[in-house]
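Here is a short note for someone opening this entry for the opening look. Please read the points in order, with the viewer at hand.

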Amino acid sequence: NKKTLRTSFLPTVLPSSVVSDMSPLQNKLLTYRRCNEQQKMLNQLLIDRALKVYHLSMEEKYHRDPAPTIPELPSTVRKYFFNILTTNYLFMKKCVQSNPVVPIQQQWLMSMLALVPQSLMEGKDRKLLAEKLLGEIIRDYEMSMRRCVVRSVLIKPDVKGLEDEEEAPLPLSPLGLDFSRPWHNSFIQAKNKILSSLHILHPTMKTLLDFGYAAFSTPLTVDFSSFRLKGPIDCESLKTDVSLSCSKAEEKILNTWYQRVISLFTQKESLNGVKSDQVDAFYNCVATLMSNQLKEFLRRTVEAFVKLFDPEDRNCLPLFKMELTLDEQKMEFYPSFQDLEAAILFIVNRIGQTLQNTQTVRSWLMGGTTTLDTELPNHVIVWATSTLKKCIRDNLEGPKEYFENYVERYGWLVDGTAQAQIERFEAEEHSFDEYT
């Protein structure tokens, strides 16, 4: 009668012979199982004792032996049982969640990283971000594994107090999807279809791309690096120099890159694997590729010219020669601000006029007159024009202020005001001192 629960349930101690042959993980697992068994025995003893007490109280009440059929348990007893179930479930859930889970495999993480484009992995900040995301993936994986184990092992009793312990059911396999269907055949079919219809993958196109990279990767139609070194230049000389540079660059490209392209397509091997009904589509692909290369070449030249006027870097800003002139009783700058702006915008238009009469390969081989579409996109022209106008306006603030100050101080000397004062003075009678 004086036995207590502590004396009934001795501490969980494994025999030394067992402990010596087991790993720490196995030892922990056995301890966990022993605790579960003790908890079950404890709950059963508590329930039996509660029923016995209730049975005795009913016998006393009715003064009978045996007692009549026991009616429904009182609310206090039911509440006691519900508390036992709730405590037991929470205890078991805590034990299950604390059990170690199988860690995520390293190769899975490497496979995930391999799917990310290399450009997004460059940089110190992006590397730290990738590590942070991997850590989040590992935490989510472990949490999902623990939740899965809890749902698989335990059944939550329908009792009050466990409303917040909602555990969603285990995810079901998607319905209507046949994962057993092989993918290799469809992959091969798609690959063959791409190879037969997507001409950009043809070996000749790769050679054409190599020609373009070699010809257009570094040089530009105009060497803008020498503008600043020439010192102050006048607008007409600048326009002449740019026109000559564009003409020379066009001639050089047509005599080197274009001739290599033509010689490539005069060989029979250039059309290997191209069916007769796909020749036109093949040459259209060639024309599109050449057009894109020339457009990109001209676009980079325009961007390099606009960059000379970068307000944050004035080291490359061109210097223009401007003179303050007096002509017909008028003081002004030559060239005017409008002429200077027109000369600068002329360079953009002149670059856009380069290589506009380049024949397509198909036209050259067949003796036609069709040319490549090498016109600069409209948005590039609009961007360059608006940017240059703003830069010109900002850089001419100083000359405008100087000009207005000069006119305000000395304009009366040349606009006839001084001459009228002199004539009026001479027509009047003055003393000798006034004349002096």
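1. Start with exposure. A residue is buried under 20% relative accessible area, exposed over 50%, and partly exposed in between (1.4 Å probe, protein chains only). By that scale Glu-303 is partly exposed, at 33%.

2. Some ground rules. This is a predicted model, where local features need pLDDT of at least 70 and side-chain atom pairs count only at pLDDT 80 or more, while totals for chains, interfaces and linings use all residues. Residues are numbered from 1 along each chain as its sequence is written, and side-chain values use heavy atoms, with hydrogens and water left out.

3. The overall make-up. The protein chain holds 17 helices and two strands. Both are DSSP runs numbered from the N terminus: helices are H or I with at least four residues, strands are E with at least two. Of the 436 residues, 25% are buried. The chain exposes about 31000 Å², and carbon and sulfur atoms supply 56% of that. Areas come from the Shrake-Rupley method with a 1.4 Å probe; for residues, only the protein chains shown count as cover.

4. Contacts along the sequence. A contact means heavy atoms within 4.5 Å. Among contacts with a separation of 6 or more, 73% join residues 24 or more positions apart.

5. Now the charged pairs. Side chains of opposite charge can pair when their charged atoms come close. A salt bridge here is a side-chain nitrogen of Lys or Arg within 4 Å of a carboxyl oxygen of Asp or Glu. The count is eight.

6. Helix H11. Glu-303 bridges to Arg-299, with the closest N and O atoms 2.3 Å apart. The two are four residues apart in helix H11, so about one helical turn separates them. Arg-299 is partly exposed, at 23%. Glu-296 joins Arg-299 and Glu-303 in a network of salt bridges.

7. Helix H8. Lys-206 and Asp-210 form a salt bridge at 3.5 Å, N to O. They too sit four residues apart, in helix H8 (residues 203-216), and are separated by about one helical turn. Lys-206 is exposed at 53%, whereas Asp-210 is partly exposed at 36%.

8. Which parts does the pair Arg-362 and Asp-280 tie together? Their side chains meet in a salt bridge of 3.1 Å, N to O. Arg-362 lies in helix H13 (residues 361-366) and Asp-280 in helix H11 (residues 279-307), so the pair ties together parts 82 residues apart in sequence. Arg-362 is partly exposed at 33%, and Asp-280 is partly exposed at 47%.
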